[in-house]
Amino acid sequence: MSLTALLTPALSMDTALHLAGLAVVLALLSSIVSLAARRAPWVLRRVATPLLGFVGLAALAAGVMALLVGEVVSVTLPLGLPWLPWHIRLDALSGFFLAVIGVVTCAVGIYGPSYVRSFEHGKDSLTALGGFSGLFLTGMLLVVLADDAFLFMVAWELMSLSSYFLVAFHHEHAENRRAAFLYLLMAHVGGLMILLAYGVLAAFGDSFAFVDLRAAPVPAVWAGVAFALAFVGFGMKAGLVPLHAWLPEAHPVAPSHISALMSGVMLKVAVYGFIRVCFDLIGQIQWQWGVVVLAIGCLSALFGVLSALMQTDLKRLLAYSSVENLGIIFIALGLSLVFLSADFTELGALAFVAALYHCLNHALFKGLLFLGAGAILHGTHERDLDQMGGLLRRMPWTGLFFLVGVLSISALPPFNGFVSEWLTFQAALQAWQLDSGVLRSLIPIASAVLALTGALVAVTFVKVYGIAFLGQARSRHVRRARRGPWGMLAGQGLLAVLCLALGVLPTWVIGLIDAVPRQVLGDGLPQAGAYGWLWLTPVSPQTASYSGPLVVLMLAGIGLTAFWGLNHLWAKGAAVRWVHRGDAWDCGFAPPSPRMQYTATSFAQPIRRVFGLLFQIEESVTIQEDGSTRHRLRIRDRFWGLLYLPIARAVESSARRVVRLQSGNVRVYLGWTLATLVGLLWIIT
Amino acid sequence: MGNFLTGSGWGIAALQSLLYVALAPLLVGWLRKVKARLQNRRGPSLLQPYRDLYKLLAKEARVAHTTSPLFRAAPYIVFTATWMAAATVPLLVVDLPTAAIADIIVLVGLLALARVFLALAGMDVGTAFGGMGASREMLIGALAEPAMLMAVFTLAMTAHSTNLSSVIDHHLSDGFVLRPSYLFALGGLVLVAIAETGRIPVDNPTTHLELTMVHEAMLLEYSGRHLALMEWAAQLKLLLYGTLIVNVFFPWGIGQGLSPAALGLGLAAVVGKLAVLAAVLAVGETVLAKMRLFRAPAFLNLALLLSLLGLLSHVILEVGA
C-alpha cells in the first residue's frame, strides 16, 4: 500500500489517458517507420520492433494506472465524420485489457528484434511485417479505448485486416493463403454480426455512442437478439467451438512473435468486446444467456484440448489450446451471468474476476509458449514434434522458461493458471445458493467438464515438453539446435517470471483487478485480501483459503532440505555422494536408439482410443513390397463435415443459381439496378 | 485469519507432517503382510519397507547418459509435492494451519504436479519404457483427476467449504446421517484411490513385465536415493488417499483440540481405521486380477459417474430439503 501512497500524486486518469494515447501514436509510428524497411532492412530490427516494446510499456502503465485510480475519463476526438465524432473512454475494464495488451506486447518488443533478423535475408516483405504489426496493435488499442460503435467497428476492422496480412506473410505456400482467406472470411462474418448487434441497440438508443446505448430502453426480446448476435460475433473472433475453424489454421502460420500477439492478446480483445456489450451496454442479464455461454464454453474447452492433444505440429497444438483456454474463460463468464441473473452480485463478481484473471494468465503463458515455439523454430527450423527431442540440453534457458509455461497452462500450483482455475471452481461451488434446481445441477456438470479439461491439458503439455525437450533428438537438425540470442531469452524470461509472480501473489493482482467488477457490476471482492497479502479468501476464510506464498515457501523449503540433507549430510561417502552416469537399460538387446522412443503420436494413442468418437480418424497399416510397414494416421475435425462443408456447398449452389442473371448485356444490368432502387425506395417510404 | 494460526498449531502441523513420512512405509508393510497371509505365505516383516528404503538410500545413484538435469530434480519435486499434499489432510486433529494454506483443490493440484514431474522424468530417459509408462500414467491421471475433484466437491458443497478441516468438522457435528451423496462420493473416491496409487486391478505395484507396468516403467532408470524418494512418495500417496477416505467419511475419533489426549486418541483411531482399510484393500487385491489397460477407462468412467451422481444427488435432493 505504501507504494501506492507514494505514487498517488502522479496518478490520475488524465495521465493514464495520455499514456494510452502515447501507446497508439507509438504503434502508428512503428508502422510508418517500417515503410523504410524496403531500402534499409535494419529499420525493422533496430527501430520498428523495439518501438513495439515501448508501445507495450505505455499501454501497461496506462492500464495499471486506470486500475489503481478506478475512475472514468472520456474525450471526444476531433476525428470521424462530421455528425459522428469519435469518442474515447478509459475506465477500469479498458484499463485491464490495456494492461493485458501491454504486457505481452512489451515481451514481444524485447523478443522481436532477434527474431525478425532471420527474415532480413529472406524474400518476404519486411515492410509488410513491420507496417501491419504496428497497425494491428493500433487497432487492438483503439478497440479497447473506443466509446462509440463507429470507432469500435473501425478499430475492429483495422485489427482484423492488418492481422490478415500478417497471417498471409509467408504467402508463397498455398495452405497459408487458404488459411488467411478462411480467416478473412470468418472475421468479416463475425464483424457483421457485431455491427448488427450494435444496430439493434442503436435502434433503441438513437445514437452510436456507448453512453446512449447503455441507457437505451431495450425490450427483453431485442436484448436477447443483441446478445445472440454479439455472442456469435465475438465468439467467432474468440475461436469458440463450433466457430473455431479459422483459428488453428491462421495462428500457426504467422511469424511466432505475431502468433503470440494473436493468441495471447487478440483473442482477449474479443473477450473484451463480449464483456463490454453484454455486461456493460445491454446490462439486463437473463439466466438463459448464462446457460448458453456456459454450454459453449464447456464445448470449446473440451473439444479444444482434445484437438490439441491430437496435434503433432507445435504451433497448431498451441492454437488449439487457445480454443480450450477461451472456453475456460467463457465458462467463468457464463457462471458470472448465471449468478448475476439471480441477483447474487458478489458471486457474479467472483466468477467475473476468475474470467479476467484467466484472460491475463492466458495472455502470459500462451505468449510465453508461442515465443518458446518461435525460439525452437529459430534454432532448429522445425515445427513437427515428432522430429524434436532433447532440446533441454541444447537450449537450457528456453527449456526452463517453456517448462514454466507448461506448468502454468496445466494449472499446477504454485503457478498462475492454477489460481484462475481455483477461483472458477470456487465460484462453481457456490451453486448451492441458487434457487433453480436446473441451474444447480447444470453448474456441477460444467465444473466436471472443467476438471476433465484441466487434467487433459496436463496430458497435452507433458506430451509437448516430454517429446520436444526431453529424451533424445529424433532428427539431425534438432540434434544441432542453436541456442537463441539473449533478446529472445529475455522476452521469454519476463513472461516466465510474471507467470510465477501471478501465481504466488494472487491477492495483489485481485486487489488491482477488483476495480473492474466494482465499475461494471457495482460490486467487487472485498473479502479476497481481507486477511493480508498472504491469504486469498474469495468468499470467506471458512469457505476457502489459499496461500500461494506459503505453498511456495514450503515446497522450496522441503525440497531444498531434502536435497541438501540427502546429498551432503546423508551421503558422506564419496562413492554414494557423486552421481555416476551409465547407459540406459536396454533389456540385454541392442542399445536404445532415438527411434525407439515414444513419439507425440504414440503418446496420445491411449487418449485417441478413449475419445476417438469425437474425431474422424483414418488409421491404416500397410505392408509394402519391400516388407517394411507403413502406418498412416489422419485426424479430422468433425465440425468441418457437420457445419462448414454444408454451408460452403449451399453458398456454391446458390451462386450457381444467381449466375443466370449474368447475361453480359449492360442494359439488363441497368434494368436490375433500377429495379433494386425502386424496391429500396418502396421499402423506405 | 482463523484462530488456529497459533504457534502450537504450527508445531502440531509439523509433527503431523513428519508422522506422515514416518508412517507411510508401515502402511505398505501391513498391506503386504495381510496380502501374504491371505495367500498362505508368511510374508516379510512389517518393517521391510523401511529396510528397503534404507538400503536404497545407502546405495550409489546412477543415471543414464541420455538424461537432462530434470531427471535428477524430479525425485525431489515429486516427493515434496506429495508430502505437501499429504500435510494438508488432517491425520490426528482438525483445525491445523496447513489446512488453511491449501484446500482440497490445491491438494489435487499438488498431486497433479507430482504426476507431471513423474511422467516427465519417465520421458527424459529416451527409452521406450519411460514413454510408455508416462503415456499410460497420464491417461489414468487424466480420467481419475476429474472423478476425484467431483467426489471432493460433493463433500465441499455439503459443508459449504473446500477446507478439509471444515468438511470434517461439519461431518462430525452432523452426527451419523446417511446421505446418498456421501455413499456415491465414497464409491467414486475409492475407485480413484485404487487407480491413482497404482493398485490392482489398474496397475500392479510388484510387476516388472513390460506390457503391464505403468508406475514401475517410469521408475525403471532410477536407482539409489532417487529411487528411494520416488518409492517413498508412492507410499506417501497411498497413506494420503487412505487417510482422506477414513478421516473424511468416517471421521469419528479424530481429535478436535490440541491436547495430548486428543492427539493420542486421534493417532490410535487413525491407525485402527487405516489397518482395517488396508486389510479390505488386501482382500480386494487378492481376489481380483489386473485389468487390461484399455479396461481402465471404463473403471475410471464409473468413478467419474459415481462422483457426479453424488454431486447431483446432493444439489437436487439435499440442498432443497
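At what angle do helix H9 and helix H11 of chain A pack, and how far apart are their axes? Here are some notes for a first look; bear in mind that this is a predicted model.

1. Helix H9 (residues 220-238) and helix H11 (residues 256-282) of chain A pack at an angle of about 170°, and their axes are 8 Å apart. Angles over 145 degrees count as roughly antiparallel, so that is the label for H9(A) and H11(A). On the H9(A) side, the residues making the contact include Ala223(A), Phe227(A), Phe231(A) and Lys237(A). From H11(A), look for Leu267(A), Gly273(A), Phe274(A) and Ile282(A), among others. By type, the residues of this contact split into 14 nonpolar, 1 polar and 1 charged.

2. **A hairpin in chain A.** Next, find strands E1 (residues 73-81) and E2 (residues 84-90) of chain A: 6 bridges join them, and they run antiparallel. They form a hairpin with 2 residues between them. Leu81(A) has Leu84(A) of E2(A) as its bridge partner. As for E2(A), 5 of its 7 residues are buried, so the strand is largely enclosed by the rest of the structure.

3. **Where the chains meet.** In the interface, 69 residues of chain A are in contact with 73 residues of chain B. The elements giving two or more residues to the chain A side include helix H17 (416-428), helix H18 (437-468), helix H23 (548-570) and strand E3 (580-582). Which element gives the most? That would be H18(A), with 15 residues. The residues on this side of chain A divide into 49 nonpolar, 15 polar and 5 charged.

4. **Helix H23 of chain A.** H23(A) has 23 residues and spans 31 Å from its first C-alpha to its last, close to the 33 Å expected at 1.5 Å a residue. Which of its residues are buried? They are Gly548(A), Val551(A), Met554(A), Ala562(A) and Leu566(A). Their cover comes from both chains: it includes helix H20 (486-504) and helix H21 (506-513) of chain A, along with helices H3 (69-87), H4 (97-101), H5 (104-124) and H10 (224-249) of chain B.

Notes. Residues are numbered from 1 along each chain as its sequence is written. Chains are lettered from A and ligands numbered from 1 in the order in which they are written. This is a predicted model: local features need pLDDT of at least 70, side-chain atom pairs count only at pLDDT 80 or more; totals for chains, interfaces and linings use all residues. Two residues are in contact if their C-beta atoms, placed from the backbone, lie within 7 Å. Helices (H or I, at least four residues) and strands (E, at least two) are DSSP runs, numbered from the N terminus. Ala, Val, Leu, Ile, Met, Phe, Trp, Tyr, Cys and Pro count as nonpolar, Asp, Glu, Lys and Arg as charged, and the others, Gly among them, as polar. Axes are lines fitted to C-alpha atoms, for helices over the stretch in contact, and angles run from 0 to 180 degrees between N-to-C directions. Angles under 35 degrees count as roughly parallel, over 145 as roughly antiparallel, 65 to 115 as roughly perpendicular and the rest as oblique. The expected span of a helix is 1.5 Å times one less than its number of residues. A residue is buried if 20 or more other C-beta atoms lie within 10 Å of its own, exposed if 12 or fewer, and partly exposed in between; C-beta atoms are placed from the backbone. Two strands pair if DSSP finds at least two bridges between them.
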